[in-house]
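These are my notebook entries on the structure shown below. I set down what I looked up, topic by topic.

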Amino acid sequence: MDALHGMPHCLVMEYPKDRSDGQAQLLSVVVDDDESVRESVPDLLREFGFAARAFSSAPEFLSSGCVDETSCLILDIAMPGMSGPELQQELKRRGHEIPIIFITGRKDEAIRARVLKQGAAAFLLKPFSDEALLAAIKMALQAI
Amino acid sequence: MAEPVADPEREIKRLQRCINDLVSLLALPAIWSSNEPAQIVAMLLDALLRMVRLDFACARLKDPATGVPLEIFRVADSFKLKAPPQDIGAMLSNWLKREGHDSLPPTGSRFAREDISIFPVPLGIHGEIGMILVGSERAGFPSQTESLLLSVAANQASIGLREAAVLTEQKRIANELDRRVAVRTAELAATNEELRKEIAARKLEEEKLWRSEERWRSVFENSAVGVALTDLTGRFIATNPVYQKMLGYAEAELQQLTFLDITHEEHLPENRRLIEDLLGGKRQQFQIEKRYRRKDGQAVWVRNNVSAVLDADRVARFLIALSEDMTQRKLSEEALAKARAELAEVARSSSLGVLAASIAHEVNQPLSGIITNAGTCLRMLSADPPNIDGARETVRRTIRDGNRASDVITRLRTLYSRKELSPESMNLNEAAQEVTELSLSELQRNGVMLRYELADDLPLVVADRIQIQQVILNLLRNAADAMSSIDDHPRELLIRTERDGGNQVRLSVQDSGIGLTRQAAGNIFEAFYTTKTDGMGIGLSVSRSIIEAHQGRLWATPNDGPGTTFSFAIPCTLDLDEAEAGVNRSAQSTDAA
């Protein structure tokens, strides 16, 4: 319960894990070439109350067919082929306005500044706590 | 006097005698052998004394040739005065002077208180040659015939003297000519001698020059460095074989060129400046390192030492260059510079900060997983009802990631310290399969088709299992990355093992990915070289260090079709001492400077 201490109760109510009235959950997508991230983060997202899916590369996500339903994108910066920032550009070009939370193992002020300027909602450094991720998602969704 | 002749016989005899005397006189010139005036006159006087009964005869004349006054005196034995002829001559001169008869005394003058008749006979048409004075006590002197004889004698004497004079003159002229000829000849001889000496001296000089030329030519031809002689515009006059060979031109071809023609443009400004300084006297010689362009277009680095050749007046006439091919040296220098730069790069990148960053990166991934899973676990357990199964799964992952982090630390520690390898006898096929299984899900997710071609008879190898697996993992990751953007042909990954040579085993990872560019091929094994945007670029360099520490080698070859094959080969048995040395070597090159 420590993790939830101090959090407004209503927040927990806002994203119920499952809704018996059939209302769809919001979809959070994780795109990262790191397997451990694809393993662990979707579980966490589900604990937050989201539906979650994971993809290992940007092209995989783009051709997955769930781009339109994605409410929030957790995106790795450095990936082979199309990088995170490149996917950000591509989504913009395609007219999607999905809020993006960038995650990265490397601290690079230049990239951070750039992606934030390009409209990213947050920039998290690995390893990040679950609270940090939740806060970032809140910010991302409230921003819409 | 047309008297009747008293005694005709005697008269005839007298006349005959006179004619004989005349004939003798006429013959006189023929017998005057020498042309000495004195002798002529003396002979004449003697002749006269005989022919004409004289008491004395005296001749006073000037040598027609030399103008030297001459006086000859002859006295008959019967002469009363009985004084020496010179005294008589003196007395006569005095008397003549006294009487005012410097020139021709009148006929019949008396002399010395005696009754001596003096008969002057002029010599020469006008007496210009001189005169003969004859005297006699006899009354009636001179008679008709005597006068005739005396006149004829005087004429002959004149003739003789004139001829003598002429001959003397001719002789004189001849002598003069001879003298002049002799002088001229002597001059010519002297000049000849001078000339001969000069020629001899010149020949000596030429020989000396020839000898030094020989020596020079020998040096020139046999020199180990290129030698070139040019005029002041730089046009080649003579080049030695080494020089010609260095540039790939024949001598005749070079003689059409200047050295600036064959110098690389880059060096022309400096070259021109140095030549100016040399010719302007600012320097005695200069050195330049530059590139020539050979006839075949290739460049050759040379080191030239250039000086000017001065003539006798210390004026520059030629340039001479000693040219050393330094291509090898330049290549070595460049290689050295490159190696130094690489070393500096490696040294720099071996600094502790980068080491820490590499460890941090390698460890970060499992660490992130641990933290995320732990957070998830807590939430799951706090849920109502608690999600025990989910929590269990997160814990499992946490443990796994913790182990992974630990392995990474161990691997890095091994690599970056001087610790020994921990070799074990392992089956390469099994090790490869283990590692590949770990990545299987990811590979499948990426649409990669995996195939094995593992040798059945692969011998066991003594190697550090973890390290070898790290290498295989690295190769697998790289292969997958290379194929991540491929969608026009299948993504195929082939893992092959086989025996290699006598005592080695080889493992190859073949992909059908984008392949290596030529530039990449040269650099992929270098530390921190990566084509990935976020790669640290240590994967392959670390992998190579590991393989080399095992006394093996790691290399890449392009496929016939698309993609690349990375292979490593390691010996089955490990020479532990050599292995430790190898680890030390790789540690040294990556340690902090």
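Predicted model: local features only at pLDDT ≥ 70, side-chain atom pairs only at ≥ 80, totals over all residues.

**Entry 1: Surroundings of a strand residue**

Setting aside neighbours within four places in sequence, I found Thr230(B) in contact with Arg235(B), Phe236(B), Ile237(B), Phe259(B), Phe318(B) and Leu319(B). I placed Thr230(B) in strand β6 of chain B, which covers residues 226–231. Is Thr230(B) buried or exposed? Its relative accessibility is 2%, and because the cut-off for buried is under 20%, I recorded Thr230(B) as buried.

**Entry 2: Chain B as a whole**

I next looked up the totals for chain B. I noted 15 helices and 17 strands in chain B. Of its 593 residues, 39% count as buried. Among contacts in chain B with a separation of 6 or more, 57% join residues 24 or more positions apart.

**Entry 3: Cavities**

How many cavities of 30 Å³ or more are there? I recorded two. The largest cavity holds about 60 Å³ of space. I listed its lining as Phe236(B), Tyr243(B), Phe259(B), Asn271(B), Ile275(B), Phe286(B), Ile288(B), Lys290(B), Tyr292(B), Asn304(B), Val306(B) and Ala321(B). The elements of chain B that give two or more residues to this lining are α7 (268–279), β8 (285–293) and β9 (299–310). I noted that β8(B) gives the most, with four residues. By class, the lining of the largest cavity has nine nonpolar, two polar and one charged residues.

**Entry 4: The interface of chains A and B**

I then turned to the interface. I found 32 residues of chain A in contact with 29 residues of chain B. The two chains, A and B, bury about 2,600 Å² between them, with 47% of that area on carbon and sulfur atoms. On the side of chain A, Glu47(A), Arg106(A) and Pro127(A) supply 19% of the area buried against chain B, more than any other three residues.

I counted three salt bridges between chain A and chain B. In the salt bridge of Arg397(B) with Asp43(A), the N to O distance is 2.9 Å. Both residues belong to a network of salt bridges that links Asp43(A), Arg46(A), Glu393(B), Arg396(B) and Arg397(B).

Over all chains, I recorded 36 salt bridges. I looked up several within chain B.

- Arg184(B) and Glu187(B) form a salt bridge at 2.3 Å, N to O. Both lie in helix α4 (residues 144–222) of chain B, three residues apart, about one turn of the helix. I recorded Arg184(B) as partly exposed at 47% relative accessibility, and Glu187(B) as partly exposed at 40%.
- Lys208(B) and Glu205(B) form a salt bridge at 3.3 Å, N to O. This pair also lies in helix α4 of chain B, three residues apart. Glu205(B) is partly exposed, at 46% relative accessibility.
- Glu265(B) forms a salt bridge with Arg293(B), with the closest N and O atoms 2.9 Å apart. Glu265(B) is in the loop between α6 (251–254) and α7 of chain B and Arg293(B) in strand β8 of chain B, so the pair ties together parts 28 residues apart in sequence. I noted Glu265(B) as partly exposed at 47% relative accessible area, and Arg293(B) as partly exposed at 31% relative accessibility.

Notes
Residues numbered from 1 in each chain as written. Chains lettered and ligands numbered in written order. Heavy atoms only, no water. Buried < 20%, exposed > 50% of the residue type's maximum accessible area, 1.4 Å probe, protein only. Contact = heavy atoms within 4.5 Å. 1 Å grid on protein atoms, 1.4 Å probe; cavity = no way out; pocket = protein on both sides within 12 Å on 5 of 7 lines; lining within 4 Å. Points joined across faces, edges and corners; volume = space filled by probe spheres on them. Nonpolar A, V, L, I, M, F, W, Y, C, P; charged D, E, K, R; others polar. Buried area = accessible area lost by both parts, 1.4 Å probe. Salt bridge = Lys/Arg side-chain N within 4 Å of Asp/Glu carboxyl O.
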